Amino acid sequence: MRHLFYILSILFIVTACSSDDSSFDNPNLIEPGFSYNINLNLPQYANLATPGTAVYVNNSNVGIRGIFVINLFGSYRAWEASCPNHPPNNCSTMTLSGVTCKCSCEDYEYELAGGSLVSEFSGEGKTYPLQEYSVSAEGSNVRIYN
């Protein structure tokens with residue numbers, strides 16, 4: 001009887017802990033593989049050395065439409081610059097405004113500290129947060145990769 005209890009307990013734990021990553025999949029955006037290094041000593045990234053600031057990296061080899069990188073008081077976060085709530089098109093590259101970014105297609109606005117939508121969503125279906133990329137920082141070098 002004791003063995004049956006352990007087996008049922010383990011079975012319950014295994015099924016309860018199974019992950020369903022499909023809820024985080026965004027059908028509008030691909031997940032490109034890339035690695036990009038930012039040197040904070042270079043003039044185009046000098047503002048990123050100041051906490052609470054963000055930059056747009058407009059490079060065809062980085063992300064889908066480039067990336068936004070924000071300095072959150074010593075830690076960095078990087079986000080895709082293509083709006084996550086529709087497939088990339090001629091108006092889906094968002095523009096940076098302080099610590100938010102905005103999609104010109106529908107005027108959706110996202111905050112760069114956490115990647116969530118801050119404006120009202122009027123589209124059909126599920127809303128998606130910004131697509132985040134991995135970041136590692138050491139000294140004046142910040143690496144963004146996926």
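Reply: Two strands pair if DSSP finds at least two bridges between them. Strands are DSSP runs of E with at least two residues, and helices are runs of H or I with at least four, numbered from the N terminus. This is a predicted model, in which local features need pLDDT of at least 70 and side-chain atom pairs count only at pLDDT 80 or more, while totals for chains, interfaces and linings use all residues. Residues are numbered from 1 along each chain as its sequence is written, and side-chain values use heavy atoms, with hydrogens and water left out.

Me: OK. How many bridges join strand 2 to strand 3?

Reply: There are 4, and the two strands run antiparallel. One partner pair is tyrosine 56 with phenylalanine 68 in strand 3.

Me: And what is the strand order in the open sheet?

Reply: The order is 1-9-8-4-3-2, 6 strands with antiparallel pairing. Strand 1 (35-39) and strand 2 (54-57) are the edges, each pairing on one side only. On average, neighbouring strands are turned by 25° against each other, direction ignored. That angle is taken between axes, lines fitted to C-alpha atoms (for helices over the stretch in contact), and runs from 0 to 180 degrees between N-to-C directions.

Me: What joins strand 3 to strand 4?

Reply: Strand 3 (residues 67-72) and strand 4 (residues 75-80) run antiparallel and are joined by 6 bridges. Leucine 72 has serine 75 as its bridge partner, and asparagine 71 stands opposite tyrosine 76. The two strands form a hairpin with 2 residues between them, and phenylalanine 73 in the turn has a positive phi of about 55°.

Me: How many residues of strand 3 are buried?

Reply: 5 of its 6, so to speak mostly covered. Buried means under 20% relative accessible area, exposed means over 50%, and partly exposed is in between, with a 1.4 Å probe and protein chains only.

Me: What about strand 1, which residues are on its covered face?

Reply: Tyr36 and Ile38 are on the covered face of strand 1, and Ser35, Asn37 and Asn39 are on the uncovered one. In a regular strand the side chains alternate between the two faces of the sheet. Strand 1 is joined to strand 9 by 5 bridges and runs antiparallel to it. Serine 35 has tyrosine 145 as its bridge partner there.

Me: Changing topic: which residues have the most contacts inside the largest nonpolar core?

Reply: Ile38, Val57, Ile67, Val69 and Ile144, in a core of 16 residues. Strands 1, 2, 3, 4 and 9 (141-145) each give two or more residues to this core. A nonpolar core here is a set of buried Ala, Val, Leu, Ile, Met, Phe, Trp, Tyr and Cys residues joined through side-chain atoms within 4.5 Å. Apart from this core lies another, of 14 residues, among them Trp79, Cys103, Tyr108 and Leu130.

Me: What is isoleucine 38 in contact with?

Reply: Leaving aside neighbours within four places in sequence, isoleucine 38 is in contact with Tyr45, Leu48, Val57, Val69, Ser140, Asn141, Val142 and Ile144. Contact means heavy atoms within 4.5 Å.

Me: Now the cysteines. How many disulfides does the count come to?

Reply: The count is 1, with a disulfide taken as a pair of cysteine sulfur atoms within 2.5 Å. Cysteine 91 is joined to cysteine 105, S to S 1.8 Å. The torsion about their S-S bond is about 115°, so the disulfide is right-handed. The pair links distant parts of the chain, 14 residues apart: cysteine 91 is in the loop between strand 4 and strand 5 (95-97), and cysteine 105 is in the loop between strand 6 (100-102) and strand 7.

Me: Are those two buried or partly exposed?

Reply: Partly exposed: cysteine 91 has a relative accessibility of 23%, and cysteine 105 has 25%.

Me: Last one: where is glutamine 131?

Reply: Glutamine 131 is in the loop between strand 7 (109-111) and strand 8 (132-138). Glutamine 131 counts as buried because its relative accessibility is 12%.
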